[in-house]
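Hi everyone, thanks for making time for this. Please bring the sequence and the structure up on your screens, and we'll walk through them together.

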Amino acid sequence: MDRVVEQGIQGVSALAITGEGSLTGGRPAPGGTDRRRRRSTAGWLLFPSLTLVLAGLILPLALMARTSVAHFDAASPDLVGFTLENYARFFGEPFYLMILARTLLVALSCTAICLVLGVPAAFVISRVESRTLKTALILATIIPLLMGNAVRAAGWMVLLADKGLINSALLSAGLIAEPVRILYTGSAVVIGLIAVLLPFMVISLESVFENIGTAYEEAAQTMGAPPWTAFFRVTLPLAMPGVFSGCLLCFVLAMNAYATPVLIGGPSFQMMAPKVFEQAIKVYNWPFAATIALVLMAVTLVLSVASSLALQKRYGVL
Amino acid sequence: MTGSRSPFPRFLSDGSFRPVMVGGCVAAFIMVLSPLAAIIWVSFFENKIISFPPTGYTFDWYRAAAAMPQFRDGFFTSLELGVVATLVSLIVGVPAALVLARGRFPGREAIQSLLLAPLIVPGIVAGAALYMFLIEVELASGVQVAMTFTGLAIAHSLIALPWTVRLVTASLVGLDPQLKEAALTMGAREFTAFRLVTWPLIRPGVVAGALFAFIASFVDLEKSLFLVGPGMTTLPIVIVNYLEWSIDPTIAAVATVQIAIISAGLVLTDRYFKLARAF
């Protein structure tokens with residue numbers, strides 16, 4: 001009896017499906033079948049991009065982690081042994097710790113200066129009333145952002161050299177008697193990096209100020225707050241998530257800077273990213289290069305996560 | 001400070017607030033734009049050794065730069081790489097964006113972060129890692145990939161991918177799914193609905209994604225550094241190698257050409273897709 005009923009139900013549902021199919025031009029019915037089909041097409045649509053990222057980035061990073069614990073043998077490129085000697089060398093030699101400390105110091109000072117200059121720039125762009133001027137300012141921010149570091153470093157070399165524009169101008173104005181050495185110093189690297197990173201800060205902050213809108217500021221001022229009070233007590237606290245993500249972006253990019261320190265810092269001002277290249281390509285010590293790269297990534301990641309956790313406690317979910 | 005001619009809202013114009021804010025903004029733009037202005041100016045200097053003020057102005061350095069094989073080769077390598085990387089990133093990235101924009105499903109966040117990861121992993125680390133990986137592949141299979149066009153194309157496709165995924169997803173998210181459903185209800189096949197309804201709506205995002213992808217690939221330095229080889233060097237690396245020895249109006253002319261290409265590309269992109277939305 002049960003069997004007959006079951007067969008009957010199957011027959012009816014089969015009829016319903018074929019009927020539905022003929023009505024809508026052979027496409028399967030909505031519901032379970034459709035969802036399953038969507039899931040399988042989703043798999044096929046995602047497969048190529050995920051393969052590219054896995055093969056081109058994730059597997060290579062895993063191999064890099066493996067290389068960093070291999071024993072260095074100048075004679076053979078094979079990965080041999082498991083050892084922590086590369087990490088011990090990095091954290092044992094004051095020379096490398098100094099490079100890490102210098103990189104951190106440069107990244108932190110650049111982030112702080114970018115914040116000080118980026119807040120007014122982003123605020124002005126977000127509050128400018130003329131559409132044309134706003135578009136022009138946004139383009140003037142984004143074009144340098146995507147210009148590439150080599151071109152900008154060349155510009156700073158022209159400006160900061162001993163016979164560069166700044167020294168020539170100061171000499172002819174009689175403000176200095178001898179050219180001031182700026183290029184190939186730490187300050188030149190900080191100046192160069194600020195120019196590279198500032199557009200990122202401005203763009204992150206601009207959209208946040210734009211979204212906050214002017215209503216809160218106007219309300220604060222209607223209640224008698226002067227512009228500065230309204231800005232520091234109302235607008236800036238509301239913009240904290242954007243301030244934080246802008247700072248984080250600047251910090252991470254400054255930690256990993258390559259072209260700027262190499263070209264305008266000169267050979268004596270060493271930072272982490274150029275050291276990775278030097279160890280790999282000039283010394284052929286791939287295990288140690290991998291170690292420096294991973295230390296750089298880990299330090300950046302730990303500081304980013306720690307600071308976002310600390311800020312989350314202070315300001316709630318960012 | 002009458003505020004009537006200023007482009008700035010009136011209520012922000014008392015006291016020192018506006019001058020300080022505008023001053024900070026001007027300082028920021030001077031920091032960002034002065035190196036670009038300087039390099040463009042120097043490219044027209046007559047004197048080969050850069051000194052200020054110049055003895056005169058000339059266009060000769062552009063001709064000199066175009067005649068130097070290293071710049072010509074670097075330029076065409078970067079151009080080819082940019083085109084290949086953009087095409088690959090569109091072919092693999094647009095389908096992924098179509099899935100990501102469908103809405104929430106388990107694992108969506110993880111897949112999205114994975115596809116945007118090439119933007120987050122530092123270029124020098126990713127480049128070194130890919131180089132080591134390709135060397136291992138070569139040791140295992142005997143096929144050389146590192147220091148060939150293929151190796152560079154893989155690296156540059158990875159540079160380009162996050163931009164196409166991000167911009168196409170952004171243009172799809174605002175899309176009403178009912179538009180496509182309406183087309184399907186009226187009897188359109190899946191592909192016809194995509195071609196006639198979805199595609200025209202996402203085209204600005206795809207064009208912007210492609211242009212961003214191309215620019216990101218064209219200017220990349222760190223990721224390519226390990227993968228370039230003899231006869232296969234990209235323009236930014238040629239520029240850096242040259243700058244390590246000397247700076248003269250010839251390299252300034254090359255840099256100016258790069259500035260012109262990228263500015264034109266971005267101004268063009270802005271007409272399809274408001275640039276501020278890309279970040």
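Find A:Y284, which sits in the loop between α13 (272–282) and α14 (286–315) of chain A. This is a predicted model, so please keep that in mind for everything I show you. A:Y284 has a positive phi of about 60°, although it is not a glycine. Is A:Y284 buried or exposed? It counts as exposed, because it has 12 C-beta neighbours inside 10 Å, and the cut-off for exposed is 12 or fewer.

Chain A has another tyrosine to look at here. A:Y184 is in the loop between α7 (165–172) and α8 of chain A. A:Y184 is not a glycine either, yet it has a positive phi, of about 65°. With 18 other C-beta atoms within 10 Å, A:Y184 comes out as partly exposed.

Now follow the chain into α8.

Take α8(A) with helix α11 (residues 240–255) of chain A. Their axes come within 9 Å and cross at roughly 160°. That angle is over 145 degrees, and therefore α8(A) and α11(A) are roughly antiparallel to each other. Their crossing is right-handed. If you'd like to click on some residues, α8(A) brings A:L193, A:L197 and A:F200, among others, and they meet a set in α11(A) that includes A:G246, A:L249 and A:L253. By class, this contact has twelve nonpolar, four polar and no charged residues.

Helix α8 (residues 186–212) of chain A also packs against a helix of chain B, namely α1 (residues 17–42). Here the axes are 9 Å apart and the angle is about 130°. That makes α8(A) oblique to α1(B). The crossing of this pair is left-handed. On the α8(A) side you'll find A:I194, A:A195, A:L198, A:P199 and A:V202, and they meet B:A28, B:M31, B:V32 and B:P35 in α1(B). Which classes do these residues fall into? Nine are nonpolar, with no polar and no charged ones.

Let's zoom out to the whole contact between the chains. It takes 79 residues from chain A and 80 residues from chain B. On the chain A side, the largest share comes from helix α2 (residues 32–68), with 16 residues. That side has 59 nonpolar, 14 polar and six charged residues.

Chain B deserves a look of its own. How many helices and strands does it have? There are ten helices and zero strands. Its C-alpha trace spans about 75 × 70 × 30 Å along the principal axes. The radius of gyration of chain B is 23 Å, whereas a compact globule of 279 residues would have one near 19 Å. Buried residues make up 45% of chain B. Of the contacts in chain B between residues at least 6 apart in sequence, 74% join residues at least 24 apart.

My last stop is B:S171, in helix α6 (residues 149–173) of chain B. With 23 C-beta neighbours inside 10 Å, B:S171 counts as buried, since the cut-off for that is 20 or more. Beyond its neighbours within four places in sequence, B:S171 is in contact with B:I202, B:P204 and B:G205. B:A183, by contrast, is twelve residues from B:S171 in sequence but 19 Å away in space, C-alpha to C-alpha.

That's my tour, and I'm happy to take questions.

How values were computed: Residues are numbered from 1 along each chain as its sequence is written. Chains are lettered from A and ligands numbered from 1 in the order in which they are written. This is a predicted model: local features need pLDDT of at least 70, side-chain atom pairs count only at pLDDT 80 or more; totals for chains, interfaces and linings use all residues. Two residues are in contact if their C-beta atoms, placed from the backbone, lie within 7 Å. Helices (H or I, at least four residues) and strands (E, at least two) are DSSP runs, numbered from the N terminus. Ala, Val, Leu, Ile, Met, Phe, Trp, Tyr, Cys and Pro count as nonpolar, Asp, Glu, Lys and Arg as charged, and the others, Gly among them, as polar. The radius of gyration is taken over C-alpha atoms; the globule rule is 2.2 Å times the number of residues to the power 0.38. Axes are lines fitted to C-alpha atoms, for helices over the stretch in contact, and angles run from 0 to 180 degrees between N-to-C directions. Angles under 35 degrees count as roughly parallel, over 145 as roughly antiparallel, 65 to 115 as roughly perpendicular and the rest as oblique. A crossing is left-handed if the near helix is turned anticlockwise from the far one by less than a right angle, and right-handed if clockwise.
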